[in-house]
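Please look at the sequence and the structure before reading on.

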Amino acid sequence: MPLNRRTFLESSVAVGAGAALTTGVAAAPAQAHGRHPRPAKRYSFTVMGTTDLHGNVFNWDYFTDKEFDDKAHNDVGLAKISTLVDQVRKAKGRRNTLLIDAGDTIQGTQLSYYYAKVDPITARRGPVHPMAQAMNAIGYDAAALGNHEFNYGIPVLRKFEEQCDFPLLGANALDAKTLRPAFPPYSMHRLRTPHGRDVKVAILGLTNPGIAIWDKANVSGKMVFPGLEEQAAKWVPKLRSMGADVVVVSAHSGSSGTSSYGDQLPHIENAAGLVAEQVPGIDAILVGHAHTEIPEYRVKNKETGKDVVLSEPLKWGQRLTLFDFELVWQKGRWVVEKVGAQVLNSNAVEEDPEIVGLLSDEHKKVVAYVNQIIGTSTATMATADAPWKDEPIIDLINHVQVETVKTALAGGEYAALPVLSQASCFSRTAAIPAGQVTIRDAAGLYVFENTLEARLLTGAQIKDYLEFSARYYVQTPAGAPVDTAKLTNADGTPDYNYDAVYGVTYEIDIAKPAGSRIVNLSFGGKPVDPAAQFVLAVNNYRASGGGAFPHVANAKQLWANSDEIRNTIIQWVKAKGSVDPGQFASVDWKLTRDGVPVF
């Protein structure tokens, strides 16, 4: 199926609006004592937005097999969003609203995994993806591509695109050979006013350049992903010349202007704010990717001096953004007079019974799948303390990865080299219970669809890698109290960008500044030789530059696997039958201050 098989969409959504549902004012008749100026023609409408849904339809956590909850008592899922959308449509008038999304739709829960891998939508006469079913039923008008759309490969993404009743937009997702957009760059929507002339609303979709790194195996030689600013500067003037009265950008890109991949790409990862600042002609930007809540953020465009309104509705269907537009008719055209943004919290409403009924069978299938018993464990293991202690549950991930890589390299040129492994605490609530272990228990350790690689590094490079990882801790002087709630995530570093390395022993002196914290790095009881060679078992996200860890992206690849690490863990547990931490767990690293352990 050719990558650019679809023509660019200019789907005119012709919608009528009754006078009672608008703020339009009819022209006043001439008065006997002279003519009064006619009131300006006005029209108001709302663009609703979601982002980073990550396969969440229901307010359900498939890894814990119970209703989703967190410390802030957020709820998740499209079933909740559907209720909010219905409320907004009733209040504003269905024909005065649009609904869009900013990407990362088909990866993230066991529901979305099941229909990509277990009962795949790509199979002959296969199912319709639950996210497509739900979004079609709710009535989305357009969605931008997220980077996680590419995790399962282009065929799965194309099948999902085919199943959606709305366009998937990506102005900066280009065919590698023709450099033409591989997906529709934009969609155009008409809102009918009571004043004779429709309002044309253009939705421009932009995705994340990091796809070229993070999903290199799936997109290399097939697609390229230039910067958001460059492509917005190309398309916004075109949309205006086509008669767009309002331009809204749906961007799978955060607002901070930062990149997790350092200088590996010339394109900024979180560029939404830069787009607003640099590209004239944009009225609002729906922000995604960063999983943050931004009700309203205004950025002044350098060229025009006008404010561009940005909003990011958190993640997973926890919030719904509302962009409220007020337009006035001036000099023969509609002009945006005012834009405001806010977010609604999905925990304030019940799930839409229509969506629940639509997908209850799919939900039940996945619940049954994740509760399959695959083995037993001799002890309970949990990640609650893993961000600051060497915990057996993280050792389990690393042990499985080391065994897998050793088996893959056996008999080859590098078989004699020591194998180290990296792993992160992806969830602070993951656990392996004592007794029966299910698929969901094992899968909960690895919530991302990462695959496993083996890279060749030196002892000096391993030290650099660990120093970079140790930036995660807030510098805490010796003698000062240690509060674990404030110890980690220094400079906004997420848990998934802190790696513990298995196979060597070391201390992290948190009293020292970042960059000089690794102490007593040893292998086999001896200090690590800077020139010694090691094999590092590493996930594809890290190996491709995710998190900007030093050396690994340019290190020699010795082996790579196409199966997800979570599946490798599941299969390992199945093969062993029993998980015994005594066979693989050890305290290889610890936090210290001046040689004194913190814990």
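Predicted model: local features only at pLDDT ≥ 70, side-chain atom pairs only at ≥ 80, totals over all residues.

Residues are numbered from 1 along each chain as its sequence is written, and side-chain values use heavy atoms, with hydrogens and water left out.

**Aromatic rings**

A pair of aromatic rings is described by the distance of the centres and the angle of the planes. Planes under 30 degrees apart count as stacked, over 60 as edge-to-face and the rest as tilted. The pair of Tyr114 and Tyr369 is edge-to-face, because the ring centres are 5.4 Å apart and the planes stand at 65°. Tyr114 belongs to helix α2 (residues 110-118) and Tyr369 to helix α10 (residues 360-370), so that distant parts of the chain, 255 residues apart, are linked by this pair. Helices (H or I, at least four residues) and strands (E, at least two) are DSSP runs, numbered from the N terminus.

Tyr114 has a relative accessible area of 12% and is therefore buried (under 20%; exposed is over 50%, partly exposed in between, with a 1.4 Å probe and protein chains only). Tyr369 is likewise buried, with a relative accessible area of 12%. Another edge-to-face pair is formed by Tyr472 and Tyr473, with 5.1 Å from centre to centre and 75° between the planes. Both Tyr472 and Tyr473 are buried.

One aromatic cluster is made up of Trp214, Tyr261, Phe426, Tyr446, Phe448, Tyr496 and Tyr541. Charges also sit over rings (NZ of Lys or CZ of Arg within 6 Å of the ring centre and within 35 degrees of the ring normal). Arg158 lies over the face of Phe183, 3.9 Å from the ring centre, and Arg542 lies over the face of Phe549, at 4.1 Å.

**A loop residue**

Gln318 is in the loop between β14 and β15 (319-330). With a relative accessible area of 1%, Gln318 is buried. Leaving aside residues up to four places away in sequence, Gln318 touches (heavy atoms within 4.5 Å) Phe68, Asp70, Asn74, Asp75, Val76, Leu344, Asn345 and Ser346.

**Pocket and cavities**

On a 1 Å grid over the protein atoms alone, a cavity is a set of points where a 1.4 Å probe fits but cannot get out; a pocket is an open set with protein on both sides within 12 Å along at least five of seven lines, and lining residues have an atom within 4 Å of a point. Grid points are joined across faces, edges and corners, and a volume is the space filled by probe spheres set on the points.

| Space | Volume |
|---|---|
| Second largest pocket | about 480 Å³ |
| Largest cavity | about 100 Å³ |
| Second largest cavity | about 30 Å³ |

Of the 24 residues lining the second largest pocket, Arg240, Ile282, Asp283, Lys306 and Val336 are the closest to its centre. β16 gives the most to this pocket's lining, with seven residues.

The largest cavity is lined by 16 residues, and Ala386, Ile394, Ala423, Ala500 and Trp589 lie nearest its centre. The second largest cavity is lined by Thr383, Ile394, Cys425, Phe426, Ser427, Ala430, Gly444 and Leu445.

Notes: Phe/Tyr/Trp six-rings, centres within 6.5 Å; stacked < 30°, edge-to-face > 60°.
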